[in-house]
Amino acid sequence: MAEIRTEAPAVDLERLERGASLWSDAWRRLRKNRVAVASGVLIVLMIIACVVVPAFSGYDYAQTNLELGPTPPSKAHWMGTDFHGRDLMARVFFGGRVSFSVGIIATLMSFAIGASWGGIAGYFGGRIDAIMMRIVDVLYTFPFLIFVILLQVFFAGKDGTLHNLFKTILGPFVADANDPKWFPIFQICFVFAALGCISWLTMARIVRGQVIALRAQPFVEAARSVGVGHMAIVFRHLLPNALGPIIVYATLTVPEVMLTEAFLSFLGLGTQEPLSSWGQLTALGAEAMAVYPWILLFPALMLAITLFSLNFLGDGLRDALDPRIRKEQ
Amino acid sequence: MTSYIVKRLLGLIPTLFLVVTVVFFLVRLAPGGPFDSERAVPPEALAALNAKYRLSDPLFKQYKDFLADLFLRGDFGPCFKYPGRTVNEVIAESLPVSMQLGLLALVFALLIGIPAGMIGAMRQNTVADHAAMSVAMVGISIPRFVLAPILILSLGLGLYILPVARWETWRHMLLPVFCGALPTAAYVARLTRAGMLDVIRSDFILTARAKGVSERNVILKHAMRGGLLPVVSFLGPGFSGLLVGSLVIERIFDIPGMGRYFVEAALNRDYNLVMGVTLVYGTLLMTLNAVVDVAYGWLDPRVKLE
Amino acid sequence: MALLSVRDLKTHFFTEDGVVRAVDGVSFDVERGEVLCIVGESGSGKSVTGLSILGLVPDPPGRIVAGEILLEREDLTRVGEKRLRDIRGGRIAMIFQDPMTSLNPYLSVRTQLAEVLSIHEGVKGAEADKRIVAMLGDVGIPAPESRLSDYPHQLSGGMRQRVMIAMALLCKPDVLIADEPTTALDVTIQAQILELLEKEKKALDLAIILITHDLGVVAKMADRVAVMYAGRIVEQGTAAAVLGRPCHPYTLALRRSIPRLDDASREVLPAVRGMPPPPGKVPAGCPFHPRCDHVVDRCREAFPEERELDGRRLSCHVDVKAGDAA
């Protein structure tokens, strides 16, 4: 019987272009969004400033000058000084390091937990999925924050249960884990972990949704038929393709985490001196707002600007990665 | 539908039980008791106090006693830090205040947020849209404890328009409710806008227009139902956020609500009060969650409630 | 005079990337009781043509920039929004491709159908229910009373499309625009729906504008055919003329590319070479010229004016007859 060969069919040119370059397409759209681009640039500048300024400002963020006390912005101290005479600018930009660290690391943790959880639930489906997502549902409306508060108050004190745990883990790696200088490190690690544990739920849901959609795709069956194992499929094939919404959500999680940390600081929890985050600085400044407004103003401003920018950037990313073309043709 | 509601409510009980147990042991396993940090209390007095409040009993006995008190008599026990007052009393006093604050804030948030989001969606990319969304952005980027002092200074002390503390007349409520509501309203606005934009693009909206439905009814009768679903889903975590936010608001505005007591109780190691407040929060939120799920199921006929 | 008359319709989209001339000078007439099939590939502008008639083109970014749409004596391009709303669903109705997404998932069948009656005839309540049940039965839905409180997701694809048709015909319109009504359905259901449309056409003396890319549908349903390419109609006439004796190279190529069971001699399935131009990047002159086997110099310069040839209207510089093809 004669072989039937076809010439190249009339392919939808647009679909071809779209499929081959999802990322460059999204990148192009993002670039057109001026607000998002400006926000991105602002954040990069902010991070650079936080890294550079404390190192070059000539002041140590922790160095007090009690005779000086709080002074308004001047040539010597561009942002003034705080209650203890410390240069506020150095404090603020160092605080930026802390805030960004908290934001990024906690988000990474929530991503690690959430993506694994959601990925596994979505991939295996059935009973496993039902149980895993039920747990997520139950945890969803209960304010984790309450537990975090309790946890921090009761167990994260000096030489408390968690601190001891930390010391044990740290022990083999350092000279003296009992040295008090490790305590602030412990505290901030606690904050990382606690905040990471609060935010993973939605990430799990998003990843699960993505995985379920992708799981039905032919390339998954192809991989299975060649013998690729379950875990490898989840982590090497499915998750990279689900990256879009994950990136968007992660970008939007960072400001949420920072805000939550600020909230904890206000209650006297969260990061502690000398590793004060913007939240902590703002909370401290709020106390004497009427009298020394700059102590509140500068860190609050930095925090607000960063949160704004991150949110706008996240929005821009979401619009750029949205596969539905908004402009009908 | 009714059987679903009943099942959900019954399902709350084991979860709450779990919460109670976890918090109970969490709290008691912590180093330091409620009376340890008192100014140099002599050991005999300390022992007497501990005995009076049965704190030196073995942990499981304390647990059983606590459960017995709670379920047989609905009694959370005495407050350790406020001698002479029981937890039940404290909760009875402070819960209504917090509920008022919370509900008012929620209603306010919806009343501001939904229309703002609708305007953003209907007038996409116009000045109105950008303005509404920028304000929303401010709402979610400024912590309540920054917003509150700013409002207090400007509207309260600075201009003497509104009272800044306590919770007596409706005027007292304005600032705290607004403070609580704004961030939540911002989320609601963003969700509404996104949800409506999504729905407006749907094919069935085109069908509705092709039937000759007026633009107003296209929005009200056809689009809103689907467009507002994300907001309905958000109500659970939204109210939860409000509750957490109330910790800040009640502190700053000196409002005698449950949130204020919670933080103090945690810092003071007042076990019973912590238990009581946590349990009340938990019940509230889980009930609300169940209600939200039912509402969602009622609004979206494709969702099967089982 | 014709019931519906479209004259030199131009609908353009003004996007960030430039102007897309989705419909660029389209003219045709439709009479009562006849089916006009507008056939073309994706991007040819056929759907936009349908939407333009009812003023449903999303604005922004789209707009009717020129032409007339005459419903008897009324020019729909000049009529106010309120009058357009009366016409939509009242005198001209439209059904769409995917019944799953085209019906509102949150409203019951009754609510959605009753709405049409309420808007156009002011009929409500029990009276409306009676009409709805009658119509549902008419379109072939068994036990229609029990369907009233159902939601779209509870119905099968074929039933949903029947509901759509019932909804469109409830107020007895004069014209029905059907945009790919069977594309999303199983083949077996397709035939049933097409038969239903044929039946309703006779019952209501409907004019039907059937938009499709499927030549099989055209062959089955069309009284007259208009072939669209890149926003223009290149050939239109009776089905017998256009399908039976195509004159335009594009129509010829389309017809040739349908595989035939009885043609064992061919080895290569002759697809139309090249690709249709992306909307917005339409070649100058006759838009088909880069893919045409019979192209001459004039084709690159100017779009051919419409002329009469062998019982149809044709836009081509060359005289090609069926049978000339290799």
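Predicted model: local features only at pLDDT ≥ 70, side-chain atom pairs only at ≥ 80, totals over all residues.

User: How many helices and strands does chain B have?

Analyst: Helices (H or I, at least four residues) and strands (E, at least two) are DSSP runs, numbered from the N terminus. Chain B has 12 helices and 0 strands.

User: What share of the residues of chain B is buried?

Analyst: A residue is buried if 20 or more other C-beta atoms lie within 10 Å of its own, exposed if 12 or fewer, and partly exposed in between, with C-beta atoms placed from the backbone. In chain B, 42% of the 306 residues count as buried.

User: How many residues of chain B are in contact with chain A?

Analyst: Contact means that the C-beta atoms of two residues, placed from the backbone, lie within 7 Å. By that test, 31 residues of chain B are in contact with 30 residues of chain A. On the chain B side, α10(B) supplies the largest share, 7 residues. That side has 24 nonpolar, 7 polar and no charged residues; Ala, Val, Leu, Ile, Met, Phe, Trp, Tyr, Cys and Pro count as nonpolar, Asp, Glu, Lys and Arg as charged, and the others, Gly among them, as polar.

User: Where does α10(B) kink?

Analyst: A bend at a residue is the angle between axes fitted to the seven residues ending there and the seven starting there. In α10(B), a kink of about 45° lies at B:L235, shortly before the proline B:P237. Of the 24 residues of this helix, 19 are buried, so α10(B) is largely enclosed by the rest of the structure.

User: Is the phi of B:D254 positive or negative?

Analyst: Most residues other than glycine have a negative phi. B:D254 is not a glycine, yet its phi is positive, about 55°. B:D254 sits in the loop between α10 and α11 of chain B, and counts as partly exposed because it has 13 C-beta neighbours inside 10 Å.

User: What is the phi of C:D205?

Analyst: Phi of C:D205 is near 55°, again a positive value in a residue other than glycine. C:D205 lies in the loop between α7 (187–204) and β8 (207–212) of chain C. With 14 C-beta neighbours inside 10 Å, C:D205 counts as partly exposed.

Key
Residues numbered from 1 in each chain as written. Chains lettered and ligands numbered in written order.
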